[in-house]
Amino acid sequence: MTLQHFNSLTPQHQKEELFKCCGCTNWVQQLSQKFPFASIEEVKAESDKIWFSCNKEHWLEAFSHHPKIGDVKSLERKFASTAQWASDEQVSINSASQIVLKELKELNDAYELKFGYIFIVCATGKSAEEMLVLLKQRLQNNAPEEMKIAAIEQNKIMHLRIEKLFA
């Protein structure tokens, strides 16, 4: 859809579309109040301001709207509205070996146990092996440091999804 078309949608329909870009109610509410925008760059700039003014609870809400890296069943079941986007973002998982997939699952579980939320990474353009390396590295972080990194990764995902929304 074009940005011009989006600007003409009802506020409720705009919110539904924005929720596909980020599962944070606060972010959707605040960003939807800023429309209309003249360019995608303006949308992303305002999105950034809102996202980085959010608190930990808002970030955790957004994280909860993502499937675990490599969890295809979760994509199909729980995340139907964004399944295609998430599937495209995690396309490299399809060619990963069973060994890599098993290790990703085990370390995803360890990450969630340690931090209380799933591993958030902008998977677009990364191989399963690269994501596994990042997961291993990030498991070494302390909780405040990791929360900041996860929020930055979520923001990268939001940028990609905003671009997809207006493609």
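Serine 47 lies in helix H4, which spans residues 40-51, helices being DSSP runs (H or I) of at least four residues, numbered from the N terminus. The model is a predicted one, in which local features need pLDDT of at least 70 and side-chain atom pairs count only at pLDDT 80 or more, whereas totals for chains, interfaces and linings use all residues. Residues are numbered from 1 along each chain as its sequence is written, and side-chain values use heavy atoms, with hydrogens and water left out.

Serine 47 is buried, its relative accessible area being 0%, where buried denotes under 20%, exposed over 50% and partly exposed the range in between, for a 1.4 Å probe and protein chains only. When residues up to four places away in sequence are not counted, serine 47 touches Trp27, Leu31, Asn155, Met158 and Ile162, contact meaning heavy atoms within 4.5 Å.

The axes of H2 (residues 11-21) and H3 (residues 25-32) come within 9 Å and cross at roughly 130°, the axes being lines fitted to C-alpha atoms over the stretch in contact, with angles running from 0 to 180 degrees between N-to-C directions. The two helices H2 and H3 are therefore oblique to each other, a class left for angles that are not under 35 degrees (roughly parallel), over 145 (roughly antiparallel) or 65 to 115 (roughly perpendicular).

The structure holds 0 disulfides, a disulfide being a pair of cysteine sulfur atoms within 2.5 Å. Cysteine 24 is in no disulfide, and the nearest cysteine sulfur, that of cysteine 54, is 4.4 Å away. Cysteine 24 is buried, with a relative accessible area of 0%, and cysteine 122 is likewise buried, at 7%.
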